[in-house]
Amino acid sequence: AAEEALRLTGTQSGLFTTEFCRTAEDVRTRLTPAGLAGVDAVFFANTTGNLGIPDLQAFLDWVAAGKGFLGAHSASDTYHEAPSYLAMLGGEFVTHGAIVEAEVRVSEPANPAVAHLAPTFRLSDEWYRFQLAGPGRTVLLKFDRNPPDGLGTAGEAVDLPLAWQKAHGSGRVFYTALGHRQETWD
């Protein structure tokens with residue numbers, strides 16, 4: 001669902017083309033400085049664990065040199081053993097509760113990444129909780145009430161980020177916790 005949504009968005013907008021990195025061999029050859037020549041941004045859509053990037057620091061340096069990194073959902077459940085990745089991303093997955101519908105609030109309505117959304121909207125997804133990492137995060141989407149997912153007290157006032165952007169050197173990073181369900185990608 002994530003791949004199709006990304007491919008379709010690029011095709012319909014005419015703003016970008018997509019290439020997919022699906023296998024361990026793709027990772028070893030394409031997520032290197034040489035393999036990323038001519039690439040402007042990388043999107044980790046629902047990745048998890050250690051992906052096997054041969055030189056993770058070189059990849060992070062590529063982003064810091066002015067490239068883009070986007071991550072969705074479990075991109076924050078990727079490279080737990082690499083504080084430099086988590087700092088670049090801005091947070092690390094800790095836990096989630098049940099998939100439930102909850103009200104999401106747009107924190108920065110003028111930001112182009114979320115300007116098309118209503119000030120609040122309801123969505124069913126698997127809601128992540130994070131250990132935030134590194135400074136400089138601009139929160140774009142959040143909960144201001146705890147969702148009824150079995151973690152904490154439902155409806156309690158909270159400040160839980162769901163999507164943010166940040167700089168990494170001269171590079172730009174966007175992350176959203178959304179994306180567990182196909183309906184979210186649709």
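Salt bridges number 11 in a search of the whole structure. A salt bridge here is a side-chain nitrogen of Lys or Arg within 4 Å of a carboxyl oxygen of Asp or Glu. The model is predicted, so local features need pLDDT of at least 70 and side-chain atom pairs count only at pLDDT 80 or more, while totals for chains, interfaces and linings use all residues. Residues are numbered from 1 along each chain as its sequence is written, and side-chain values use heavy atoms, with hydrogens and water left out.

| Glutamate 25 | Arginine 28 | 2.9 Å |

Glutamate 25 and arginine 28 sit 3 residues apart in helix H2 (residues 24–30), about one helical turn. Helices (H or I, at least four residues) and strands (E, at least two) are DSSP runs, numbered from the N terminus. Glutamate 25 is partly exposed at 42% relative accessible area. Arginine 28 is partly exposed too, at 44%. Buried means under 20% relative accessible area, exposed over 50%, and partly exposed in between (1.4 Å probe, protein chains only).

Glutamate 101 belongs to strand E4 (residues 100–106) and arginine 122 to strand E5 (residues 120–125), so the pair ties together parts 21 residues apart in sequence. Glutamate 101 is partly exposed, at 40%.

Aspartate 159 is in strand E8 (residues 157–168) and lysine 142 in strand E7 (residues 138–145), 17 residues apart. Aspartate 159 is exposed at 56%. Lysine 142 is partly exposed at 22%.

Salt bridges also link Glu103, Arg105 and Asp144 in a network.
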